[in-house]
Amino acid sequence: MEKDNSTGGNGIGRRSLLGAGALTSLVGVGAALGLRSHTADAAPEVGHLPNEVKPGELDEYYGFWSGGQSGEVRVLGMPSGRLLKRIPVFNWDTAYGWGTTRYSKALLGDSKVGDTHHFHLSYTDGTYDGKYAFVNDKANGRLARIRLDYFITDAITEIPNSQGTHGIFPSRHKRDAVYCNAEFRTPQPNDGRNVDDPKKYYALHTCVDQETMKPRWQVRVDGNLDLCATDYHGKYSMACCYNSEGGVNLGEMIAADRDWLVVFNLARIEKDIAAGKGYRIGKSRVPVLDGRHGSPYTLYIPIPKSPHGVNIDPTGKYAICSGKLSPTCSVVELSKVDEAFAGKIKNPRDCVVAEPEVGLGPLHTAFDGRGNAYTSIFIDSVITKWNIAKAIKGENPVIQKLDVHYQPGHVNASMSETKEADGKWVISLNKFSKDRFLPVGPFRNDNDQLIDISGEQMRLAHDMPAHPEPHDAVIVRRDLIHPKKVWDRKDPHMAPERKLAAKFGVTLEAAAHVKREGKHVYVFMTGVAPAYSLQEFRVKRGDTVTVVLTNMDSVEDLTHGFCISHHDINFGISPQETVSATFKADRKGVYWYYCTWFCHALHLEMRGRMIVT
Ligand code: CUA
């Protein structure tokens with residue numbers, strides 16, 4: 001078997017070549033900035049399977065992965081890394097009929113494209129409460145909510161006046177808001193005015209209500225906004241800004257030595273919004289406050305060179321920011337932010353209590369609940385473990401640098417973003433997999449590496465190939481998630497179908513009816529393995545057809561599906577669920593509809609004919 005010789009032996013292993021390549025290709029500025037490269041000082045330890053979950057056993061954690069360009073969210077069992085589900089969000093998915101069904105079309109509108117980066121669950125009192133999850137769409141500036149009782153997307157909100165909705169973070173003290181960062185600055189309103197005057201472009205920080213999913217307010221900032229975080233007390237949301245320069249090309253965007261961590265004072269913002277202050281942009285009715293330098297709403301803390309990640313440690317005392325082009329992490333003490341807002345600290349830079357060197361290209365930081373931080377180091381391809389208290393004391397805080405393969409983006413640890421960080425596992429989401437898997441053409445999978453952090457030294461446990469491109473992941477104790485196994489027939493998810501059936505005097509649970517209304521035909525059916533309640537229905541060419549199907553099986557895992565040949569309709573339907581979809585019958589002839597989920601020994605026979613005359 002081929003061994004990874006990356007750090008040993010001949011000295012010209014794959015890692016050194018990669019490091020050089022990354023340096024020259026990253027932005028071509030590494031050398032010009034005078035950044036020093038660090039050498040990883042610990043070889044990966046491989047060969048044991050500390051993450052093994054034996055056949056028939058269940059994982060200890062749910063892993064939730066954003067799906068990047070795929071526009072979805074993935075659910076993995078952790079630590080095994082077994083893929084359990086892909087939840088469609090902004091994408092189309094024929095397994096579930098996402099993009100085809102009435103329910104999903106109502107959420108997606110005409111959109112077929114998404115780009116999910118940051119996934120977080122709702123919190124109560126500093127830890128996950130298992131009710132909702134949220135994920136951004138950078139492509140179309142949206143925020144989606146997922147219900148964790150059914151693992152289904154149930155709301156999609158377009159953020160007004162925003163492009164590149166990137167970092168998001170929910171309130172951590174209670175189920176209140178989700179804060180969303182616009183990464184791209186645009187003219188406001190973006191209606192053709194000021195397109196050639198980038199000085200007039202600006203970005204907004206948006207507060208979205210978790211229950212209504214409506215934007216409550218927006219704050220205008222200087223620069224742009226990147227990753228997002230909230231404190232543990234409902235006092236602050238915050239965002240890294242990597243383009244304090246307000247540039248519109250690469251050279252302009254990386255010119256300054258320091259950009260900012262922008263901290264938003266939520267009480268002051270909410271007070272002035274309640275008092276009716278704020279202006280409107282274009283057609284949006286969402287009130288906007290001006291949070292540029294000098295405003296009472298914001299604090300701009302200087303952070304070296306294009307900061308990307310901001311993460312709050314599990315004690316809630318510190319925010320850790322990383323400058324992509326500086327080898328440092330900046331430790332911001334949040335009690336000092338209180339003092340700065342109170343006017344007791346004049347220079348916001350005094351909120352930074354430590355700035356240790358951790359490696360070249362630091363991005364994100366995770367925590368073990370024992371005072372240690374784990375920072376992903378993109379250019380050096382390592383995870384650096386370092387001690388926060390030592391860094392504050394001015395001692396060398398670096399405990400270990402572990403090679404990862406290769407170029408890590410996000411890093412996270414089990415329960416790391418909660419007050420219950422348990423220090424068992426770290427996941428390193430590596431952007432490049434290079435030689436770690438069988439080659440599959442020029443588009444390659446990522447490599448998500450699982451690291452055992454239960455001991456003093458990190459140990460590499462597992463390589464997981466990932467369909468491109470998860471950006472972020474959270475690892476959640478399984479006892480915090482309570483999914484249902486069959487649908488509650490009274491759930492509002494199915495209310496429009498129930499209303500439609502009532503209009504025709506049809507009971508969904510006993511449906512076997514074809515109803516016509518002009519040129520629109522409604523076909524009400526049930527599915528009980530292995531048969532639909534209608535094995536034939538007739539329509540006329542040119543009719544619009546709505547199929548309303550109820551899965552009357554109540555056995556756990558007994559899913560049916562409905563695909564109608566040559567009509568671009570295919571959806572799954574889980575136990576006790578009602579789903580509808582609409583299509584045009586535009587050709588005469590016989591078209592078989594059939595069950596698409598293997599439900600019974602006679603699954604293939606579960607079908608019927610649509611006869612178009
Ligand atoms: Cu029903 Cu297969």
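Predicted model: local features only at pLDDT ≥ 70, side-chain atom pairs only at ≥ 80, totals over all residues.
Select helix H4, residues 266–274, and colour Leu-266, Ile-269, Asp-272 and Ile-273, which are its buried residues. These four cover an arc of only 140° around the axis, which puts them on the same side of H4. An α-helix has 3.6 residues a turn, so residues three or four places apart point the same way. Turn to the other side of H4, where Ala-267, Lys-271 and Ala-274 are exposed. Now show the strands against which the buried residues of H4 pack, namely S9 (177–184), S12 (215–221), S14 (236–241), S15 (258–265) and S16 (288–290). After H4 comes Gly-276, whose phi is positive, near 85°.

Next, select Tyr-179 and Trp-217, both of which are buried. Their ring centres lie 6.0 Å apart with the planes at 45°, so the pair is tilted.

Move on to Tyr-532 and Phe-562, an edge-to-face aromatic pair with 5.9 Å from centre to centre and 75° between the planes. Because Tyr-532 lies in strand S33 (residues 531–532) and Phe-562 in strand S36 (residues 560–564), the pair ties together parts that are 30 residues apart in sequence.

Finish with two charges over rings: Arg-220 lies over the face of Tyr-202, at 3.6 Å from the ring centre, while the charged end of Arg-607 sits over the ring of Trp-592, 4.7 Å from its centre.

Key
Residues numbered from 1 in each chain as written. Heavy atoms only, no water. Buried < 20%, exposed > 50% of the residue type's maximum accessible area, 1.4 Å probe, protein only. Helix = DSSP H or I, 4+ residues; strand = E, 2+ residues; numbered from the N terminus. Arc of directions from axis to C-beta. Contact = heavy atoms within 4.5 Å. Phe/Tyr/Trp six-rings, centres within 6.5 Å; stacked < 30°, edge-to-face > 60°. Lys NZ or Arg CZ within 6 Å of the ring centre and 35° of its normal.
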